[in-house]
Structure formats: C-alpha cells, structure tokens
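Keep the viewer open and follow along, one place at a time.

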Amino acid sequence: MTVYSSGAAASVIAADANRLDAYVAARSFDKPTLVMDLDRVAKQYDALKAGLGRADIHYAVKANPARQIIARLVDLGSHFDAASRAEIALCLEEGADPSEVSFGNTIKRASDIAWAWEQGITLFSADAEEELEKIAENAPGASVYIRLIVEVSQADWPLSRKFGCDSDTALRLLDLCKELGLNPVGFSFHVGSQTRRAEMWAPTLDAMGVIWQAALDAGHDLSLVNIGGGFPAFYGEEIDAPTAYAAKVIEMVEARFPNVARIMAEPGRGMVAEAGVIVSEVMLVSRKSDRDMHRWVYLDIGRFSGLAETEGEAIRYQFETARDADATGPCIMAGPSCDSADVLYEKRPVALPLTLKSGDRVLIRNTGAYTSTYSSVCFNGFPPLDVVVI
C-alpha cells in the first residue's frame, strides 16, 4: 500500500490494490506481464487535477502509451505531451484534439515537424537555434516554448544534462523566434523525475523565476510556463499525497510566475506508476561461492525487458511474494539475459524470503510507468514485457 505523508484515502488505495491483486491471483502468466488498472489511472488524474487547479495537465505519453490509457484520459479531459510522431498519432487516433497535444521533445526530425503541423499541432518545444530553424521552415508561425536547463535537482532521476539551455541562450532564442516568424510563448523546464516532496521544487522554481523576469524585462510578452513532470510515485520512501503535492507546487509556481496566463504540467510517472503491477517469476536462486555474503536472485525480467530505471539503482521497486511471512535475507537481484550489465540491485541488496526458489511468483509493485516502453523487442530471445489493461 502506498505510504503518503498526509491523509490519503487509504480505503480507496486498498480497493485499487485489491482489484489488481484479484485479477493477478486468478490467472497464470507464462511471461513477464504488466497489469494496468484504468480506474486507478482515472483516480490519479482526478487527484492531480484537484491540486493543479487551473494548470492544464499534459500527460507525458512516454510514461505508458497503452492505447486504453490514452482513450480514458481523453475522456477525462487530459491534454498530452508527445515526444514523437508516433505518440502524436496515437493521441489523435484516440480522440485528442490537435490543440491539446504539444510536441515536447526538443530533438525532432524535420519531416516529423512538418507532419505534426499538417495534423494541426501548433505548440512545439526547442532549446537550440537549429531546432528553431527547423520549426520555422516546417511549421511557419508555430508557437514555441524554450526549454531551460535545470542546474540543481533533488530528483531521484535527474534530467538536467541532455535537455535545455541556460538563461543567456534562452533570451537569445526568444529573439530568434521573432526573427524567424515564430511565436515565442514561454519557457519549460523539468525538476527531474521522481521528485519525492513538493518542497524539493523550490530551488528550481527560484532559478526559473529569475529567467522569466529577465525575459519580461527584455520586452518579451510571455504567456506560458510549462513546469514539466516530476510528480512522484511510491517506491518505498514516503511521498506526499497527489492532491496536496500538486497544490503545493502550483502555489509555489504562482508565487514566482505571477499573472502568467497559462500553466502546463506534464505528469507521467505520477499519473500511471501506481496503477500497474508486473507479474514475474524467479528463474534461479544461487550463491557464487560458500563465501558469498548474498544470494543472487534472477528474475525473468531485467533491465532489458522493462526495468531500465534500475540503472544506478535510482528507482527502488517494491517486491512481493507468497513467502513474505518467512524470514528474509539480503539478495542481489538480476535479470535473465546473458549481459553482465543486467543487474538490478547490488549496491543496496533487497531483502527477500530465505525460502524463495525457482518458479516462485514475484509481484513488482507500482511499475505502470517507464517499464513497457523500456522493454526491448526481444534481447536474447526473451519476449518483451506483455501489457494487460483492466
């Protein structure tokens, strides 16, 4: 059960868990399978929306692009952040209006920009001169927001190196937008995925607010601030309840971006992670020698089949077995592939039952985000992560 630091509706969460558990318990699975609960996604959307208020939710499709999830979110009134042509097409096919979809990847193929523009997509992101030139050529007159680099992040999964630009570059890009006939509407940034507490946003928002004011002082008439994602899921460490978390973030945003006409938020993990459970199986339990301090537990799913976020042991998944009442001991956990990098947790071993053995079922909790989309096509011949939506 999720542990929140403020009063969440535990009975609702338990009901959601029971729905998933009942489905899983009644079935057998011959390969790793992610089971998603659409009702839980809907409840999380409502909880986040209640806290985000006037901010538009643009669900980060990359977190989990299951068609049923997109369709349910369309029905709920969600907007969407798409990273590719395929994600845009998915959203439009499921009924999203083009005005509700932003092309949020700062690295886009020119032909995909042209295609998106033809479909009616009018809002694009950029963080470099060449990207603006591509947008101007293939989507003339489009609205653009400039992504800012986040220098300091307290997130478990920082996103600060690959994306964004600094303050001086951002101001220059706003000028270039005008020269190219584009409509520069504002800025975006990302505090980092899995920012566990709302107060962790403060340093980033302080820095972004300074750049926002500099742009206004330079004469730019900005109307949009895109605060990105960062909304957390439970992975064993206490987090704020979603409505309280979102409300606190928006309170801080409003204080630093007074009178901004439009606020966008892009929850992905925080929208779908807790709605999913992966059903996996133990393939082997062993020790390397009589002197080995820890057992090795090999699952039928690893870093190449959905658990890529164990990279650096950043995301700490929660495991459950039918033997959890037995005594436990530390384990090194690994996947099934013939790649030595396919180790999940070694620096911080996981406590699992001493009686655990090959063939035992293992449930991996809160795995609805960034698992199915990270699964390889068929590395080593192992099947990609199957997805069932209930």
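## Glu313 in its loop

In this predicted model, Glu313 is found in the loop that runs between β11 (295–299) and β12 (318–321). Its phi is positive, at about 55 degrees, although Glu313 is not a glycine.

Is Glu313 buried or exposed? Its relative accessible area is 12%, and because the cut-off for buried is under 20%, Glu313 counts as buried.

## Asn366, in another loop

Now turn to Asn366, which lies in the loop between β15 (361–365) and β16 (386–389). Asn366 is not a glycine, yet it has a positive phi of about 55 degrees. With a relative accessibility of 10%, Asn366 is counted as buried.

## Asn64 and its surroundings

Asn64 has its place in the loop between β2 (56–60) and α3 (67–76). This residue is buried, and its relative accessible area is 1%. If you follow the side chain of Asn64, you will find that it reaches the backbone nitrogen of Ala66 at 3.0 Å.

Which residues are in contact with Asn64, leaving aside its neighbours within four places in sequence? They are Leu34, Met36, Tyr59, Ile69, Val272, Gly368 and Ser372. One of them, Tyr59, belongs to β2 (56–60), and another, Ile69, belongs to α3 (67–76).

## How α4 meets α5

Next comes a pair of helices. Helix α4 (residues 85–93) packs with helix α5 (residues 110–119) at an angle of about 15 degrees, and their axes are 10 Å apart. Angles under 35 degrees count as roughly parallel, so α4 is roughly parallel to α5. The crossing in which α4 passes α5 is left-handed.

From α4, the contact is made by Arg85, Ile88, Ala89 and Leu92, while α5 brings Asp112, Trp115, Ala116 and Gln119. Sorted by class, this contact of α4 with α5 has 5 nonpolar, 1 polar and 2 charged residues. The spacing along each helix is worth a look: an α-helix has 3.6 residues a turn, so residues three or four places apart point the same way.

## The buried side of α6

Finally, have a look at helix α6 (residues 129–138), where the buried residues are Glu131, Leu132, Ile135, Ala136 and Asn138. What do these buried residues of α6 pack against? Their partners are α5, β5 (123–126), β6 (143–147) and α7 (167–179).

Terms used: Residues numbered from 1 in each chain as written. Predicted model: local features only at pLDDT ≥ 70, side-chain atom pairs only at ≥ 80, totals over all residues. Heavy atoms only, no water. Helix = DSSP H or I, 4+ residues; strand = E, 2+ residues; numbered from the N terminus. Buried < 20%, exposed > 50% of the residue type's maximum accessible area, 1.4 Å probe, protein only. Polar contact = N/O pair within 3.5 Å; in protein donor to acceptor, adjacent residues only side chain to side chain. Contact = heavy atoms within 4.5 Å. Axes fitted to C-alpha atoms, helices over the stretch in contact; angles between N-to-C directions. Parallel < 35°, antiparallel > 145°, perpendicular 65-115°, else oblique. Left-handed = near helix turned anticlockwise from the far one by under 90°. Nonpolar A, V, L, I, M, F, W, Y, C, P; charged D, E, K, R; others polar.
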